[in-house]
Amino acid sequence: MSGATLRPVLRRVAAGLLVLWIAATAAYLALLAAPGDIVDSIVGEGPDTPEIRAEIMREWGLDRPALVQYLDYLWRLAGGDLGRSYLLQRPVAEVIGEQVGPTFTLAAAAAALGVLLALLAALTTAGPRRPWLRRGVSTVELVLVSTPAFLIGIVLLSVLSFRFGLFPVSGDQGLAALVLPAVTLALPIAGLLAQVLRDSLDRALEEPFVLTARARGVVERVVLLRHVLRHALLPVVTLAGWQFSLLIGSTIIVEQVFGRPGLGQVVLNAVTSGDMPVVLAVVTLSAAVYVAVNTLADLAYLLVDPRLRRS
Amino acid sequence: MPAGRPRRLAVAALVPLLVLTAACSTGSAAPTDAGQPRSGGSLTWAVETEPITLNPHQYSQAKARLLVWNSFESLLTYDREGRVVPWLATGYQVSPDGLTYTIGLRDGIRFTDGETFDAATVKANLDKLREPEYNPAVSAVQLRNLKTVEVVDPRTVRLVLSTPDVLILDFLASPQGAQVSPKSLREAKNLKAGGVDVAGTGPFVLEAYVPGQELRYRRNPDYATPPPHATHTGPAHLETITYRFLKESAVRVGALTSGQVQLIEGVPATDQPLITGNPALRLTRELNSGSSYGYYLNTSRPPFDDIRVRQAFQEAVDVDAVLQAVYQGTATRAWSVVSPSSRLYDKRLEGGLSGDVARANRLLDEAGWTARDAEGFRTKAGTRLTVRLLQAAPYLRDRRDVLAQAVQAAVKQSTGIDLDVAQVDLGSWNQAFADNEYEVFDNSRADTDAGLSLNLLLHTDGTVNRTKINDARLDDLLEAGQAASDPARRAAIYADIQQRAVRELALFLPLYAPADQIAASVAVGGVTFEPTAGVPAGAYDLWLGK
């Protein structure tokens, strides 16, 4: 790789690191500014005496100045040490490590399914060909986008699991247990992406090059797939990258409903009980995912649009 | 026969939205079609709460208690009459001065990791609990008065206290007092978190923990130490039992009705008709021990520094009507700080607070809250009669937020009191207590000995003395109760404490007695609650009928 192509890559990595640092610091400050102190969260509902508090301060090094704690936290973070969970009394890396797999599997499955459904919905209904189908599909999309994932999940469970017994209700038991949660997450994404993609396709269909292609006698399907779709895909790629980053948040609810292992439960417990090391680690991890996904999206532009490759 | 009832099931999704009249069976042992107990088989039990720790020493969640006794056991336990009886111990003697407890231990018991149980084990466990940074809460409260632990011989251990404290027996019967293998205490990777490498003497061995998903237990084939209240001896009936974590009640009920799990716990009032209307399922419920749920009134600041306002607040609520509206007849009304299921419960309080609105209004008039503002709330010197209740979101259960709204509406209508309810995060909640910016504190505690709850809640130095009461008579009574070893005398003292707290000082508005529910397939036998604690029992007595 030549220096000219390496420089933008390095710039990206540096920007990514900067984002990570800002995310970690912002999360740290937010937790510091949140009402109540850390000792309270560790004490929880349990008995609370000055001796207990003093012991907790000592145990977790909370008696040091805030700046020292922050620098210590950054230093350990740089070295890959995420600390120990106040609540679970285990290393954070271990807690998150064992939960990251199921969440990413779910998020990836949901993203893939969402994109697939969106492509299907938009491609079959773009343009003025089937106005009735277009109206129907578009309405369904809007409903899905505006329905909370919680409700979609419960309805899917009630019908497909409780009533017809097609899928297990819970757990990480192979592919069957992945279907309903993935569909639950994928439907709203598909709805949103399809709306945007259809809009984008509609606009592309009006471009002169479509007329040229049609004039050359290209079949409509090929016009859509080879010419219009590529043209219309850019905003969708951006949106899909952003949606995937948001997915990590949506998994919290879906994992709760389906009793699936994953980061969701961990995050929820950590946030509600003020388990700072876990919250910080998850925020940093999410930022890392965000950076990675957006970088991939940028790279995808190059694949989709040859014009960008030249510049 | 875990066959589902398809037509009913689709309703599960809508249940939170529906108001249904409820009926439910009560009592500890439900009739089943499970036939005679038989050995073998596997069950899956969907539970609401994933334990934050699997180490019994670190136990803090009543909802996780049913898991503890599967793999761990204590020296003592409670029988069905609420008396402390030996379990891993053979018995105990208390010296006349109440300072020395000599405990005999059973012979030939082994931990599931092969270690032997003896007096040195008991000492190792107690010493571990008193180590700094291991469990500050237990060492500061339950073991506060424990001076030394002496190994007399392999079968005898002696506990020497600094002051007489009968609650030490409750501790020895509690999950925190459970016996952990000394090898685990030394070598476990994450001792405080617990896990498969922390062994006990119980009827099951923890085989796998999948965080966020489930716990799997396998039968301990060498088990020989069932508690006295168990219905059989020898190893457990079940080959394996899996506890799956399903936080949503509608999902738990759906999983049960579709036969994907055979037992669930935590069945809210709105979901109970789905169980009771299904002949393939049984619902059982039992009251928890400890303190009942209700509102503690902060005496350290206006308006509740005036006892007349506290008394008025107690009388301003028609508790029966409120409970009926929120729980549709499935809740048991509380009359005291102590749960009606406790041995220390003072029955004389029943019928005491009758929702006497006329008296409430008279008291408020006397206290000077005579004017009314535009919204109909009482005022005094331009200040509205507002009392704030903060509920911590993580601790919210039993629809206590809805109950608070019902009480809010009731006191507004009956007396013009403005109950300001807010659900907040844990940090804000703690901050409000630290700043003394609250008037009402809601709480219930699931301690097996209500005396422990009352020490924390009502003593001047109690760690959750949110009423900020500083009453010499109450403190004297609480201290006498902790030192009294004669059950009758102890009950008399605690009756006085309850009268003092609820009637004379008007510190507490009792609302309901917390309960646990189990719904199970009729194919499951041996569904019981733990005596005294009133929470679902472990899996030792469960069996799966053919």
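Which residues of helix α10 (residues 319-327) of chain B are buried? I found V319(B), V322(B), L323(B), V326(B) and Y327(B). I count a residue as buried under 20% relative accessible area, as exposed over 50% and as partly exposed in between, with a 1.4 Å probe and protein chains only. These residues cover an arc of only 100° around the axis, so they sit on the same side of α10(B). The arc is that of the directions from the helix axis to the C-beta atoms.

**Ground rules**

I am working on a predicted model, where local features need pLDDT of at least 70, side-chain atom pairs count only at pLDDT 80 or more, and totals for chains, interfaces and linings use all residues. Residues are numbered from 1 along each chain as its sequence is written, chains are lettered from A and ligands numbered from 1 in the order in which they are written, and side-chain values use heavy atoms, with hydrogens and water left out.

**More on α10(B)**

I next looked up what the buried residues of α10(B) pack against. The partners are β14 (332-333), α12 (400-415) and β21 (508-513) of chain B. Contact here means heavy atoms within 4.5 Å. Helices (H or I, at least four residues) and strands (E, at least two) are DSSP runs, numbered from the N terminus. Just after α10(B), I noted a positive phi of about 50° at Q328(B).

**Chain B as a whole**

I read off 16 helices and 24 strands for chain B. Its radius of gyration is 24 Å, close to the 24 Å that the globule rule gives for 546 residues, so chain B is as compact as a globular protein of that length. The radius is taken over C-alpha atoms, and the rule is 2.2 Å times the number of residues to the power 0.38. The C-alpha trace of chain B spans about 75 × 65 × 40 Å along its principal axes.

How much of chain B counts as buried? The share is 62% of the 546 residues. I also checked contacts in chain B between residues at least 6 apart in sequence: 71% of them join residues at least 24 apart. Chain B exposes about 19,600 Å², and carbon and sulfur atoms supply 50% of that. Accessible areas come from the Shrake-Rupley method with a 1.4 Å probe; for residues, only the protein chains shown count as cover.

I then turned to charge. Chain B has 56 positive and 62 negative side chains, and the centres of the two sets lie 3 Å apart. Lys and Arg count as positive and Asp and Glu as negative; His and the chain ends are not counted. Each charge is placed at NZ of Lys, CZ of Arg, CG of Asp or CD of Glu.

**Backbone notes, chain B**

Where is P303(B) found? I traced P303(B) to the loop between β13 (293-297) and α9 (307-315) of chain B. The peptide bond from P302(B) to P303(B) is cis, with omega near 0°.

I noted a positive phi of about 50° at D398(B), although D398(B) is not a glycine. The residue lies in the loop between β18 (386-392) and α12 of chain B. D398(B) is partly exposed, at 26% relative accessible area.

K468(B) is not a glycine either, and its phi is positive at about 55°. I placed K468(B) in the loop between α14 (450-458) and α15 (472-483) of chain B. Its relative accessibility of 36% makes K468(B) partly exposed.

**One strand residue, T379(B)**

T379(B) sits in strand β16 (residues 378-380) of chain B. Is T379(B) buried or exposed? I have T379(B) as buried, with a relative accessible area of 10%. Leaving aside neighbours within four places in sequence, the contacts of T379(B) include W369(B), R372(B), D373(B) and R384(B).

**Chain A**

I counted 13 helices and zero strands in chain A. Its C-alpha atoms fill a box of roughly 85 × 60 × 30 Å along the principal axes. Of the 311 residues of chain A, 45% are buried. Chain A exposes about 15,400 Å², with 70% supplied by carbon and sulfur atoms. The mean positions of its 25 positive and 23 negative charges are 18 Å apart.

My last entry is P261(A), in the loop between α10 (220-258) and α11 (263-272) of chain A. P261(A) is buried, at 4% relative accessible area. From P261(A) to F244(A) I have 17 residues in sequence and 19 Å in space, C-alpha to C-alpha.
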